[in-house]
Amino acid sequence: MGRFKDLLASQDYLILHGALGTELEYRGYDVSGKLWSAKYLLEDPKAIQDIHETYLRAGSDIVTTASYQATLPGLESYGLTEAQAKKIIASTVDIAKSARDQVWSSLSEIEKESRPYPLISGDVGPYAAYLADGSEYTGDYGAITKQELKDFHRPRLAILKEQGVDLLALETMPNFLEAQALVELLSEDFPQVEAYISFTSQDGQSISDGTALSEVAKLVEASSQILAVGLNCSSPKVYPDFLHQLRQYTAKPLVTYPNSGEVYDGATQTWTKDPDHSHSLLENTLTWQKLGAKVVGGCCRTRPSDIQVLAQGLK
């Protein structure tokens with residue numbers, strides 16, 4: 001590892017991989033159920049690789065593995081053995097690397113010189129993703145301890161590291177105790193690993209469980225492994241306040257990848273309300289860059305076309 005830190009220092013921005021689960025849904029795949037997009041690691045991994053390739057061709061600098069929903073408990077409850085579950089999590093890195101190899105080999109030398117060689121980011125979704133009840137947007141985990149959260153996350157982090165990811169994406173985090181658990185876990189068990197951490201917020205004033213951004217920033221500032229911090233899968237309207245506040249407490253590069261502005265109903269596993277069309281992803285990102293956004297993209301319900309417009313606009 002080390003390339004993420006180097007690119008943060010040398011590049012004006014890094015464009016993230018876009019939505020995976022909702023993109024599968026757009027393409028006609030059924031992503032209902034507790035495994036969500038991860039079930040296609042079992043049923044049709046080529047569908048996932050195709051989406052990775054689409055985002056890379058659109059201009060993404062970072063390929064995010066399809067491991068958001070792929071956890072040992074989740075896969076084992078689906079009927080896999082522990083060994084099978086570990087193999088599936090490992091396969092997410094292989095799929096991402098294959099997509100990168102396929103796209104990179106198709107580019108001309110001029111095209112290669114105009115962009116960084118894409119990073120592979122190991123996706124670490126929150127405990128909420130395993131619960132599959134929409135708690136990514138509430139942070140309500142009930143009575144769970146920090147140690148239990150460390151034990152939940154440790155196996156997946158170990159597999160992703162062993163498979164050779166360039167960084168970890170600790171994303172869609174709604175719960176401060178979980179963020180503490182992950183930061184400590186990195187330091188204790190994975191001291192060479194680089195990562196960014198990205199939260200959800202419903203009001204732009206705090207993360208989803210109500211923790212103040214001053215506390216969040218204090219945690220991040222104390223970690224030499226968390227190289228960037230920000231907000232994802234939240235409505236574009238909450239970003240200005242969130243970023244303004246966060247910038248008061250940390251000088252680290254900021255991360256922004258909003259959803260479409262629609263609202264997720266965990267009970268029905270559907271998106272409700274209308275998307276926010278007041279500004280395009282590019283327009284929002286250009287505004288957020290002035291506040292320090294450097295790792296940028298789109299999350300649920302955004303499309304490869306949004307990433308393509310973003311990449312062209314920024315370049």
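Start by selecting R154, which is partly exposed at a relative accessible area of 25% (buried is under 20% relative accessible area, exposed over 50%, partly exposed in between, with a 1.4 Å probe and protein chains only). You are looking at a predicted model, where local features need pLDDT of at least 70, side-chain atom pairs count only at pLDDT 80 or more, and totals for chains, interfaces and linings use all residues. Residues are numbered from 1 along each chain as its sequence is written, and side-chain values use heavy atoms, with hydrogens and water left out.

D151 and R154 form a salt bridge with their closest N and O atoms 2.9 Å apart (a side-chain nitrogen of Lys or Arg within 4 Å of a carboxyl oxygen of Asp or Glu). The two sit three residues apart in helix α9 (residues 146–162), about one turn of the helix; helices are DSSP runs of H or I with at least four residues, and strands are runs of E with at least two, numbered from the N terminus. Next, pick K146, K150, E184 and E188, which salt bridges with shared partners join into one network.

Move on to E53 and R57 in helix α4 (residues 45–58), four residues apart. Their salt bridge has its closest N and O atoms 3.5 Å apart. E53 is buried at 9%, while R57 is partly exposed at 49%.

C233 is buried at 2%. C299 is in no disulfide, and the nearest cysteine sulfur, that of C233, is 3.8 Å away; a disulfide is a pair of cysteine sulfur atoms within 2.5 Å.
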